[in-house]
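Hi,

Here is the structure I promised to pass on. Have a look at it first, and my notes follow below.

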Amino acid sequence: MTICGKASIAGAYEHPLRVIPDRTVAQVHADVAVGALADAGLSMDDVDGYFCAGDAPGFGGFSMAEYLGLQLRHIDTTETGGSSYLCHVGHAAAAIAAGKCSVALVTLAGLPRSDPASMMAGARAMFAGAPEAGFEMNHGMTIHGGYALAARRHMYEFGTTSEQLAEIKVAASHHAQFNPDAFLPKAVSIEEVIESPLVSDPLHRLDCCVVTDGGGAVVVVSPEIARDLERRTVKVLGHGEAPKHTNNGRIDLTHTGAVWSGPRAFEEAGVTPGDIDYASIYDSFTITVLETIEDLGFCEKGKGGAFVADQGLRAPDGRLPFNTDGGGLCNNHPANRGGMTKIIEAVRQLRGEAHGEVQVPDCQLALAHGTGGSLANRMGSATLILGQEDA
Amino acid sequence: MSDLPTFAPPVTPETKPFWDATAEGRLVLPRCTSCQTVIWYPRTFCPECHTEGVEWIDATGEGTVYSYTVTHKGDGPWRDESPYVMAYVELDEGPRVLTNIVDCDPAKVSIGQRVSVRWAPTDEGPAVPRFAPAP
């Protein structure tokens, strides 16, 4: 069995704010749930499947199901960090194909700017009792430091440069200037990126994503329900996911789990990287994008620097237009988790609703990819292939 | 020896042989008694052949830098120690171990550099392995 064509994304909603000082995490989950259902033309009473991850407050998915007043016959709280929501869409499509639910709601929300304390419970739980904890707690690991370890090794093996990494930020910022909601709406130059302060050598401040409050949600439905909706829907054609870990202390920092999740998704959809019109690529850091592009097969391993250097990522005319909302690097990285917004911008492109300056003409086929956890140790990759309603 | 933040690690029956050795300044590694794989991080279950049972072998304490970063903006107690060098060191026995490179100019660290273990003690007994350029 495959999920190809057996479910559609009918609703997508990104919270318009990037700083939300006066609402709780549960309230923002509710805001985006209402927004996505309204976009689909459905109501809370239609929802029979609910998906959320570690950003949801309370006990697994139950607290939010109760808060929202959902009556469910399917629930899935898969937690793979920022890639969780791409897993959720794949799992929702499989559940719909298997008859376990017919309207699946997926929500994400968090307030890392306004209420950093709300983010700490999950972080503590992740470390408490972890068998590896004692061997990793005394070395000053940071999020950016972990990704810097990967960047340094990639540079060593393949000659990748800071200027090439900077072009990824430059392309994202080129797109963000057309997004009125973007946290960083100003276009930046390669020089500005490499002259920004080093946070963890070789990564500079502008190699990092933004920290924003906010959230997003999508609604995945069966083909029968999609058919009766007025709104244009987006077909789920393929899904792949893959955890990657330190492999008994033999970690290879030059690739991500996308080397496994990508081929699974492409095979299920029956397409190849060359068929993709638009890609949402997880961009916690510039190096995340570079390794992922290689791992998904858009170019050879080690050639990502050259691939991005000649404006290849810029919409609408680059060979792989990416992150046309400005991505996590410039637009939004709600709850420190960029997976949901990757799906939402791919939906906009396939509906022809991206900003006119960055809309890919006749966008038929899109890829959305998530990278959760850290390139430095354990991570979850998830890839979705999505198609236009008529595709 | 530098004075990077060093906290007593959680010691469990599973990891006690490793941490007991560190208190004596010895780096030991678990080796699977079935398939002879050297295991990292230390545990009694072999992730290669999926059986339980290890013997603890003395490591040389020598290795090479696999990757590193000079972190300028550390978190919590590391903020005041910035910049510092975090690294993966590939031990001569095989595993790549998360650690720090100490007792040298951060600008002089490079991938492929030979390093040897330096112990950072804790009040509770166990010591934390860090590395410095080999003499």
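Where is Pro83(B) found? Pro83(B) lies in the loop between strand 3 and strand 4 of chain B (helices, H or I of at least four residues, and strands, E of at least two, are DSSP runs numbered from the N terminus). The peptide bond that joins Ser82(B) to Pro83(B) is cis, with omega about 0 degrees.

Before the rest, some housekeeping. This is a predicted model, in which local features need pLDDT of at least 70 and side-chain atom pairs count only at pLDDT 80 or more, while totals for chains, interfaces and linings use all residues. Residues are numbered from 1 along each chain as its sequence is written, chains are lettered from A and ligands numbered from 1 in the order in which they are written, and side-chain values use heavy atoms, leaving out hydrogens and water.

Now the interface. In chain B, 43 residues are in contact with 33 residues of chain A (contact means heavy atoms within 4.5 Å). The two chains bury about 3,100 Å² between them, 58% of it on carbon and sulfur atoms; buried area is the accessible area (1.4 Å probe) that two parts lose on being put together, summed over both. The rule finds 0 salt bridges between chain B and chain A (a side-chain nitrogen of Lys or Arg within 4 Å of a carboxyl oxygen of Asp or Glu). On the side of chain B that touches chain A, helix 1 (16–23), strand 3 (62–71), strand 4 (84–91), strand 5 (96–101) and strand 7 (127–133) each supply at least two residues. Strand 3 of chain B gives the most, with 6 residues.

Tyr85(A), Leu86(A) and Val89(A) of helix 3 make the contact with Gly339(A), Met340(A) and Ile343(A) of helix 13.

Two backbone details in chain A are left. The peptide bond from Asp201(A) to Pro202(A) is cis, with omega near 10 degrees. Asn247(A), a residue other than glycine, has a positive phi near 55 degrees.

Best wishes
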